[in-house]
Amino acid sequence: MTDDLVVAEGLVKRYRVRGRGLLAAVDGVGLRIERGTTLALVGESGCGKSTTGRLLLALERPDEGTVSVAGRPVHEVGRRELRTLRRTMQPVFQDPYDSLNGRMTVGQIVAEPLRVHHADGDRPARVRELLETVTLTPELASRYPHELSGGQRQRVAIARAIALDPAFVVCDEPVSALDVSVQAQVVNLLRRLQDERGITYLFISHDLALVRHLAQRVAVMYLGRIVEEGTAGELFADPRHPYTRLLLAAAPRPRVRERSAAVTAPGEPPSVLGGRTGCAFAPRCPLATDRCRTEDPALRTLPGTDRKAACHYAETARAGAA
Amino acid sequence: MTDFLRIRDLRVAFGEGREAVRGVDLTADRGETVALVGESGCGKSLTALALLGLLPDGAHVTGSATLDGTELVGRDERALRRIRGARAGMVFQDPMSSLNPTTRVGAQIAEVLAIHTRMRRAARLRRAVELMESVGIPDAAARAGQMPHQLSGGMRQRVMISIALAGRPDLLIADEPTTALDVTVQAQVLALLRERARDTVLLFITHDMGVVAEIADRVAVMYAGKIVETGPVAGVLDSPRHPYTAALLRSVPDPDRPVAGELPTIPGQVPSAGEHVEGCPFRPRCERATDRCREMPGLTPAGGGSVACWHPHELTEAAR
């Protein structure tokens, strides 16, 4: 029995799109994250990965399904209890420039969660300590966000996120806007914080190389659903869903390879407006058959493995076939 | 002389002592794709903008850049206008900011043809649809009647590429053209650029070493306004000579080769624009730096390329 800090079941979130009906941004997502580990949620824009993150943090209400964090059902608790729960779950977003108040000093930004949640103790000392934890010099406390570099701003956002010692942090593309050398610094910081504090992460990213480095488990989303889930090592070594294979093949590598071998799948993710018949990936899938176009494959555990995939041919279709 | 594009000692300064591009030398042949790589603030975009006279007011450009013998630096706006579109095209990161949001995309392509060709209106619109087909836009005739916001990011970037190619340019500058796209769409757009840039010089600006590996014939790595290393793509990626190139490549995670423990990083920070570093600009962050590095090393031939370093890494066996 694993110790799952975060358990989500059957999450559905629909949005009304003017004149075009309902869009199911998240369409039946379930996931579990073991305490102190990282689950990466990967997929292309519009696949629903950020919405899933917001549902887990109770920043949005699902239309269906449940989320529990540390055994508490986050969408069912009363307002006061939700306030307490919020101390234990925090977000880190892509662009710290958007998520940091430009009129507050770095010190005020990091102290704000302490103030809002009436944390006791010597606040200035705690702010200094938090800045040092994220490898910023405490002298930055009097500066404003616009005076900092992108990497420094993201460290401030991380310091704010960990101020109340959260158990669960959702990182939504936290390093996508940073230069590579700075990316590596921030990624190392996130990992060190996990090691030291046992933080559980949902790491939302389109960057498979980073995911490979950071996550124990990976869930791949396509059009509002998880299409494959497994340990990072196994999923990267032997992807079973054709979409996972496509994503892996398309990810650029920093070395020259045979260019004709570079994958260019036809088409782009279609819209999730309207209903589905059959597998949502079938129109782009090199392995699609008539069955795929009529029968929607369920996400199922592959026999004898620690892997789930939503593909009729997950057992037979092997790497190289796509 | 075969250097179709020839950049000599290009400098871009914003006011006294605030030089952002500090003497760039670069050549490229017709049909060659050169990737200009570096982190933000290294001067890669300014270098490209300077070639097309697109720098903001207050930027002072010196040096020379010739395209098939035609000087691009120091030309007046009229001459530059003629060069842009007819001889040089440009694709930016965000097509939404380059396209007119209130005009149908077919009409926008036709507009470019109106400036640079003598085609009649009906012929221009037909040509616009052909150009859209040529960049792989399905159902181009119908798409031509759509507004930019009705297209996906990948389709919008294809429209930008078709506009940039409309005048059959000798030089195509692409500044982070796939950075905002999803990986599967990025792969498509890179394949398109590879295919369509066969007769032009493609100057491809990016921060992404993975993209460099996919598109470039040659690489020029920039740091603090200077090219620090240049050479054939395989040589630079497999066997980087400059410590900055090597450190940058090490800090890029590779999905096939996970690193145990921490990702390698580069200590310190890029010098800010106008900040003066005596000698080699990478010296304060460099693990190989010595006293000699207080003197600026010139770009000198090494292996198949050039490197500006007193203590470059040795070529590996494979690259020799």
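**Close-up views of a predicted model**

**Strand β10 (residues 225-231) of chain A pairs in the antiparallel sense with strand β12 (residues 308-309) of chain A, over two bridges.** Strands are DSSP runs of E with at least two residues, helices are runs of H or I with at least four residues, and both are numbered from the N terminus. Two strands count as paired if DSSP finds at least two bridges between them. The model is predicted: local features need pLDDT of at least 70, side-chain atom pairs count only at pLDDT 80 or more, and totals for chains, interfaces and linings use all residues. Residues are numbered from 1 along each chain as its sequence is written, while chains are lettered from A and ligands numbered from 1 in the order in which they are written. In this view, A:Glu228 stands opposite A:Ala309 in β12(A). Six of the seven residues of β10(A) are buried, which leaves the strand mostly covered. Buried denotes 20 or more other C-beta atoms within 10 Å of the residue's own, exposed denotes 12 or fewer, and partly exposed lies in between, with C-beta atoms placed from the backbone.

**The hairpin of β9(A) and β10(A) has two residues between its strands.** Strand β9 (residues 217-222) of chain A and β10(A) run antiparallel and are joined by six bridges. A:Arg217 faces A:Thr231 of β10(A) across the pair. In the hairpin, A:Leu223 takes a positive phi near 45°.

**Eight strands of chain A form an open sheet with mixed pairing.** The order is β6-β7-β8-β3-β9-β10-β12-β11. Its edge strands, β6 (89-92) and β11 (300-301) of chain A, each pair on one side only. α10(A) packs on this sheet and touches β9 and β10 of chain A, its direction making about 105° with that of β9(A). Such angles run from 0 to 180 degrees between N-to-C directions, and the axes are lines fitted to C-alpha atoms, for helices over the stretch in contact. Two residues are in contact if their C-beta atoms, placed from the backbone, lie within 7 Å.

**A second open sheet of chain A has four strands in the order β2-β1-β4-β5, with antiparallel pairing.** Here the edge strands are β2 (21-34) and β5 (72-73) of chain A, each of which pairs on one side only. Strand β1 (residues 4-17) of chain A is joined to β2(A) by 11 bridges in the antiparallel sense. A:Arg16 is placed opposite A:Leu22 in β2(A). α1(A) packs on the sheet, touching β1, β2 and β4 (64-69) of chain A, and its direction makes about 120° with that of β1(A).

**Helix α1 (residues 49-56) of chain A lies across β3 (38-42), β7 (168-172), β8 (200-205) and β9 of chain A.** The helix runs at about 155° to β8(A). Seven of the eight residues of α1(A) are buried, so the rest of the structure largely encloses this helix. The buried residues are A:Lys49, A:Ser50, A:Thr51, A:Thr52, A:Gly53, A:Leu55 and A:Leu56. A:Ala58, which follows α1(A), has a positive phi near 60°.

**Chain A as a whole comes to 11 helices and 12 strands.** Its radius of gyration is 21 Å, close to the 20 Å that the globule rule gives for 322 residues, so chain A is as compact as a globular protein of that length. The radius is taken over C-alpha atoms, and the rule is 2.2 Å times the number of residues to the power 0.38. Along the principal axes, the C-alpha atoms of chain A fill a box of roughly 65 × 50 × 45 Å. Of the 322 residues, 48% are buried. Among contacts in chain A with a separation of 6 or more, 64% join residues 24 or more positions apart.

**The contact between the chains takes 32 residues from chain A and 38 residues from chain B.** On the side of chain A that touches chain B, α7 (180-197), α8 (208-214) and α10 (242-250) of chain A each supply at least two residues. The largest share of that side, six residues, comes from α7(A). Its residues divide into 18 nonpolar, eight polar and six charged. Nonpolar covers Ala, Val, Leu, Ile, Met, Phe, Trp, Tyr, Cys and Pro, charged covers Asp, Glu, Lys and Arg, and polar covers the others, Gly among them.

**B:Pro95 is found in helix α3 (residues 95-98) of chain B.** B:Pro95 counts as buried because it has 23 C-beta neighbours inside 10 Å. Apart from neighbours within four places in sequence, B:Pro95 is in contact with B:Arg156, B:Gln157, B:Val159 and B:Met160.
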